[in-house]
Structure formats: C-alpha cells, structure tokens
Amino acid sequence: MPAKVDMDKIVSLCKRRGLIFPSSEIYGGLASCWDYGPMGVELKRNVKEAWWKSIVQERDDVVGLDTSIMMHPGVWAASGHIDNFTDPLVECKSCHLRWRADAIEGKKCPQCGGELTEPRMFNLMFKTFMGPVEGEASVVYLRPETAQGIFVNFENVVTTSRKKLPLGIAQIGKSFRNEITPGNFIFRTREFEHMELEYFVKPGTDEKWLDYWVKERFDWYVKLGIRKENLRLRQHGKDELAHYAKDCYDIEYLFPMGWSELEGIANRGDFDLTQHAKCSGKELSYYDAEAGEKYVPYVIEPSAGVDRSVLAFLIDAYCEEEVEGEKRTVLHLNPSLAPIKVAVLPLSRNEKLPPLAKEVFKQLCPSFVIEYDDSQSIGRRYRRQDEIGTPFCVTIDFESLEDKQVTIRERDSLAQIRVPIGELKKVIEAKLKGEAFDASTLWATRQK
Ligand code: GAP
C-alpha cells in the first residue's frame, strides 16, 4: 500500500516553506530540475553530514575523496558505461513522445494510444565537448556515478593513506543521467547527488561484507527516523543486475507511487579495478602483507541518492494532525536533519522584547542553525516552524525581562519548559542529543 501522503502535498509544502523550488521557474521551469531553497539547502546538508559522519568520521577504515565531474573518456569505455549504460527506448509514431520500454505496459503509447517503434538502446550519459573545438576528439561525459572517480584513484589513496584492507573510499557529489522518463518530484532527475562508498575487500570475504553493508545502511535510515515498516530489502534477480554487479540488494521505501529503490548495495567484484588496469596499463592490485599475497580487491558498493533520501525523510516525517482543536501540518524530522534547530520568537512585537530576544539569538547562533522571527501572531509562527520541522521554539515574554528565563516549546509533544537564558545552550544541546523533554531534564534536575 503506498504511503498515506500524496506527492502533491510534499511538493506544495516544499514550495510554500522554501525547501525546494522548480528550477528556472520565472522562465516556466525546466523539466526534472529543482532548486533547494533556504530550508532545503540546510536539510540536504544535514542528510549529507549524517551520511559522512556514519561512513567516514565514525570509522577508521573509510577515507573521503572529492573527484572531478569530467574525467578522461577512457574511464567510461573501461567501466562499460559507453557500451552498457543504456535503457530501452520506444517512440510513439503519432505524438513522438519517448518512453522507457520496460516502464510501460502494453504496446501502445500511454499518452495517445499511438503505435510505438521497436525498442532501441539509449545511452544515459550526457555528452559535451571540452575546450573550444567541438569534435569527436574533444568529447567528454558528465559522470553518471561518482564511483569511477574512486576506482581510478584507488592506488593514490592506498599509498597515501597507508591503510590496510578492508578499506573504504567515500564520495559525495553530483551525477548526471539523461533519464528517458524522469519524474516524481526529486525521485528521478537528470542531475542529482550521489553518496557512494566503495569498500575494497579481500576476495572470498565479499559476501560477508555485502551482508554487513546491507544491514548498516538499512539501520542508518531507521536511526534517522524512517519507520521500519516503510522500508524493505529486495535482492536483484540475475536478469536485472547492472553490467558490473555480481549481486545487489535495493533498500526500497514506500513512496507515494509505491515501493521504489532508495539505495542500492552492490557486490561489484573485481570488475572495475580489473577493467581500469587492463585499459590504462597500470597495475591496480593490492599487496596483502599479512597474507603475503597480491590480489585485485573486490568491492562492495553502498550507493545512495541524496535527493531521493531527502524525499524519503520528508515523506516519512510529514504529518497532518489536530492539536488543541486546530489542524497543524508538522514534519516530525529527526532533530539532526531539521533545517532549523531553534526558532527564537519574541512573544509580541512590543518594543521591550526584541533587545532580549536578539541577545538570545546572538548567544545561540554560533552553536546551532537558528531563526529569529517576530512577524505575525505567536500561534502562526509556531505553525510555520512545525511545517519545517523545527524541534524547538524559544519564546521570550514579559516575564523573561524580569526573571531572565525563557520558554522552550518542543515540536512533537508540545510540552513547554522554562529555562534560565544562561542555561539555554546546554539544555538545547542535551535535548538535540535526545534527552527527554520532561521533569527529568538536565536543567530541572540541576535545580534540585
Ligand atoms: N554507482 C552505482 C549506482 O549509481 P544506482 O542504483 O544507479 O547505482 C544509486 O544509483 C542511487 O542513486 C539510487 O538508489 C538512487 O537513490 C540514486 N539515483 C540514481 N539515479 C537517480 C536519478 N536519476 N535521480 C535521483 N536519484 C538517482
């Protein structure tokens, strides 16, 4: 059963609250291209940071890399992308719309019912020319995956990091695919961001590491708040494996259009290093000093889409609920992903409140991404913060001027606690780490 929220509601919230806008909107937009607004850019950064933290920062067997988008064309010949990175395309003989042959049912055009051509293979890589001369010799491709930048740097990283296998190399960056049928908002676009890990292991241990990474990656989404019942694993059938893969699992999410791929975890075997060694003439093997042998490592690749993850986090967090007789839309985002951690809100625009409220803002802004808002009624400002998933609102009222205490309101429980301004940073830090929002709070306990 598809997720309960319609995609239209997510698209509309994203536009209304500055998360995601259609690209080039004042010119009528550009199909499948989207821009991240002030809130969206924070959410996306947080998703990438959460990935980097769990994949690179918190481990001693993975290092990071940032390689160029354009690479030597030989890379794509060796990797098999020039020959194999294709989708079957059919064209309607009447309206000339083009479709992915494997994504439509029947033999007629879904748009006008017209007759379709026989399928032909369509390469998904974007081609362009490097330098001032446009010719075959200057053709380059925009990378369709970040993985190849990692494979061609394997030797550089092993020698400079002086790490032993198993060793992972991680990269986050833009990829480009000339998809025949993009759509479903940011689910499938022609320009998107990848978060990819290539984990190099000793042949023979690859199956064990594939299982390990499938579990790790599944648990990452759950830890960050995606409900387990909206996630499932699906192993690829032999006929759907990518040209480089020995085995592959998809982590699927229950998107509004049904179960669809969120992330793929593939066993690429030694395909890539062997191909690059053959085509470049450079040896790409590893000397295992402990075993006293040399081999071409196998690779386990968890490959996730930043944008698709953002979409899944948004959908899973989205909720319309009734609070004190009033309807509210709220994003129950994990606080670590929320674009704004704290909103600082003077109760009213009365001139006595802003000086203290601005002092609070100044005190907190070096530590958290926060927002100061003194427009409209306090109720409307709370609703706005709920809609972008802000976990905490700090309200400065007239009593605050006397007792130098402020109220923190928690997004999910709507509970409120009163905290001295001097303690605010510590209390919010503890709450963001998951400390309970009740009488056992850091501040309340300390007062006893
Ligand atoms: N290097 C392996 C690889 O790229 P993939 O299954 O083609 O594998 C991995 O892509 C992930 O990248 C997908 O699970 C998805 O999250 C994301 N992705 C792929 N194509 C995408 C597109 N056109 N738009 C948005 N995200 C995409």
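**Before you start**

The model is predicted: local features need pLDDT of at least 70, side-chain atom pairs count only at pLDDT 80 or more, and totals for chains, interfaces and linings use all residues. Residues are numbered from 1 along each chain as its sequence is written, and side-chain values use heavy atoms, with hydrogens and water left out.

**Stop 1: the ligand**

- Glu261: a side-chain N or O atom is 2.6 Å from an oxygen atom of the ligand.
- Leu262: a backbone N or O atom lies 2.8 Å from an oxygen atom of the ligand.
- Thr189: a backbone N or O atom lies 2.8 Å from a nitrogen atom of the ligand.

On its own, the ligand has 550 Å² of accessible area, and the protein covers 92% of that. These areas come from the Shrake-Rupley method with a 1.4 Å probe; for residues, only the protein chains shown count as cover.

Helices (H or I, at least four residues) and strands (E, at least two) are DSSP runs, numbered from the N terminus.

**Stop 2: the largest pocket**

Hide the ligand. The space taken by the ligand is the largest pocket. A pocket is an open set of points on a 1 Å grid over the protein atoms alone, where a 1.4 Å probe fits, with protein on both sides within 12 Å along at least five of seven lines; lining residues have an atom within 4 Å of a point. The volume is about 1500 Å³. Of its 49 lining residues, Arg100, Arg177, Arg188, His236 and Glu261 are the closest to its centre. Strand 13 gives the largest share of the lining, seven residues. The lining divides into 19 nonpolar, 14 polar and 16 charged residues.

**Stop 3: the second largest pocket**

Select Ala50, Lys53, Asn334, Pro335 and Ser336, which lie nearest the centre of this pocket among its 24 lining residues. Which helix supplies the largest share of the lining? Helix 2 does, with eight residues. Helix 2 (38-57), helix 7 (206-223) and helix 13 (424-432) each supply at least two.

**Stop 4**

Most residues other than glycine have a negative phi, and most peptide bonds are trans. Centre on Pro166, in the loop between helix 6 (154-161) and strand 9 (167-176). The peptide bond from Leu165 to Pro166 is cis, with omega near 0 degrees. Finish at Ser24, in the loop between strand 1 (20-22) and strand 2 (34-36). Ser24 is not a glycine, yet has a positive phi of about 50 degrees.

Methods
A polar contact is a pair of N or O atoms within 3.5 Å; within protein, one must be able to donate a hydrogen and the other to accept it, and residues adjacent in sequence count only if both atoms are side-chain atoms. A molecule sits in a cavity or pocket if more than half of its atoms lie within 2 Å of its grid points. Grid points are joined across faces, edges and corners, and a volume is the space filled by probe spheres set on the points. Ala, Val, Leu, Ile, Met, Phe, Trp, Tyr, Cys and Pro count as nonpolar, Asp, Glu, Lys and Arg as charged, and the others, Gly among them, as polar.
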